[in-house]
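Please keep the 3D view open while reading.

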Amino acid sequence: MRLPIVAGNWKLNGSRSSATTLAREIAASPVAGVEVVICPVAVHLDAVSTDIKDTAVKLGAQNAAAQESGAFTGEISAQMLSEYGCEYVIIGHSERRSLFGENEEACANRFSAVLAAGLTPIFCVGESLEDRESGNTMKVVEKQLQAVFSVAGASVFERAVIAYEPVWAIGTGKTATPEQAQEVHQFIRGLVASRDENSAQAVRILYGGSVNPGNASELFAKDDIDGGLIGGAALKSADFLSVCNAARL
Ligand code: PGA
């Protein structure tokens, strides 16, 4: 049985004090039977890690460098994130890919660096609306995962999380139907299984894209959907906790 995960991706939102308030509100209502992860802006990690200390809530970051150290202005290494108590790192989010030019190879290298630092990557994949409408969803998702298989192999997915996030569903209020999501999740698990059966059974595959308290239960009820990566609804503690509750085993 895979323990579900709900991860809140706070993106570029909040002040130090609002991040602290949100983290404390979430930590004050423990939800059993699901791993709860919050991913604040990097400069708020230190404050938030104190707020959730000794609670079940886990800390994640929104990206990590492919390198450990050196002349890489603006980057933060996975090792440094681990010093702040991070256990998870989102890698390859569609906003990183489309707005900041992170290509498949770059995302795969960042993924490997996260694993090498002993942290768990949450590796995002997903198609654009154009890809979906032209029938290329599976091809695009396969290519994104293939980049990681090439750099790190498939057995590493035993220690990683995948998030399927159709780009057309992110922040748009348009959610994939549970059937559309399950179809891609099953395909992803099959891709991993064709290379490493144990990893395929172990890897948790999250759905992301306009998940909210109203649609979470139906999505999480699907066999291959092991929780969610939540954007907008992660910024209000009541909504986020309600989504976490929907994922409980
Ligand atoms: P959303 O974002 O829930 O606001 O659609 C999800 C994400 O980008 O991870």
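The model is predicted. Ser-210 counts as buried because its relative accessibility is 16%, and the cut-off for buried is under 20%. Its place is the loop between β7 (204-208) and α10 (216-220). The backbone of Ser-210 deserves a check: phi is positive, about 55 degrees, although the residue is not a glycine. Most residues other than glycine have a negative phi. Ser-210 is also among the closest residues to the ligand.

**Ligand site**

How many residues surround the ligand? The shell holds 13. The closest are Lys-11, His-93, Glu-165, Gly-171 and Ser-210. By type, the shell divides into 4 nonpolar, 7 polar and 2 charged residues.

| Residue | Protein atom | Ligand atom | Distance |
|---|---|---|---|
| His-93 | polar side-chain atom | oxygen | 2.7 Å |
| Gly-171 | backbone N or O atom | oxygen | 2.6 Å |
| Gly-231 | polar backbone atom | oxygen | 2.9 Å |

The protein covers 95% of the ligand's accessible area, which is 290 Å² for the ligand on its own.

Asp-54 sits in the loop between α2 (45-51) and β3. Is Asp-54 buried or exposed? Asp-54 is exposed, with a relative accessible area of 76%. Ser-210, in contrast, is buried at 16%.

**Two further polar residues**

Asn-63 belongs to the loop between β3 (58-61) and α3 (78-83). Its relative accessibility is 17%, so Asn-63 counts as buried, the limit being under 20%. The side chain of Asn-63 makes a polar contact of 3.0 Å with the side chain of Glu-102.

Ser-17 lies in helix α1 (residues 16-27). Its relative accessible area is 52%, and the cut-off for exposed is over 50%, so Ser-17 is exposed. Between Ser-17 and Gly-85 there are 19 Å in space, C-alpha to C-alpha, and the two are 68 residues apart in sequence.

**Cysteines**

How many disulfides does the count give? The count comes to 0. Two cysteines show why. For Cys-39, the closest cysteine sulfur is in Cys-86, 7.8 Å away, which is too far for a bond. A disulfide needs the two sulfur atoms within 2.5 Å. Cys-39 is buried, with a relative accessible area of 0%. Cys-124 is buried too, at 2%.

**Helix α8**

Helix α8 covers residues 178-193, 16 residues in all. The expected span is 1.5 Å times one less than the number of residues.

Which residues of α8 are buried? They are Pro-178, Ala-181, Gln-182, Val-184, His-185, Ile-188, Arg-189, Leu-191 and Val-192. Among them are Gln-182, His-185 and Arg-189.

How values were computed. Residues are numbered from 1 along each chain as its sequence is written. This is a predicted model: local features need pLDDT of at least 70, side-chain atom pairs count only at pLDDT 80 or more; totals for chains, interfaces and linings use all residues. Side-chain values use heavy atoms; hydrogens and water are left out. Helices (H or I, at least four residues) and strands (E, at least two) are DSSP runs, numbered from the N terminus. Buried means under 20% relative accessible area, exposed over 50%, partly exposed in between (1.4 Å probe, protein chains only). A residue is near a molecule or strand if one of its heavy atoms lies within 4 Å of it. A polar contact is a pair of N or O atoms within 3.5 Å; within protein, one must be able to donate a hydrogen and the other to accept it, and residues adjacent in sequence count only if both atoms are side-chain atoms. Accessible areas come from the Shrake-Rupley method with a 1.4 Å probe; for residues, only the protein chains shown count as cover. Ala, Val, Leu, Ile, Met, Phe, Trp, Tyr, Cys and Pro count as nonpolar, Asp, Glu, Lys and Arg as charged, and the others, Gly among them, as polar.
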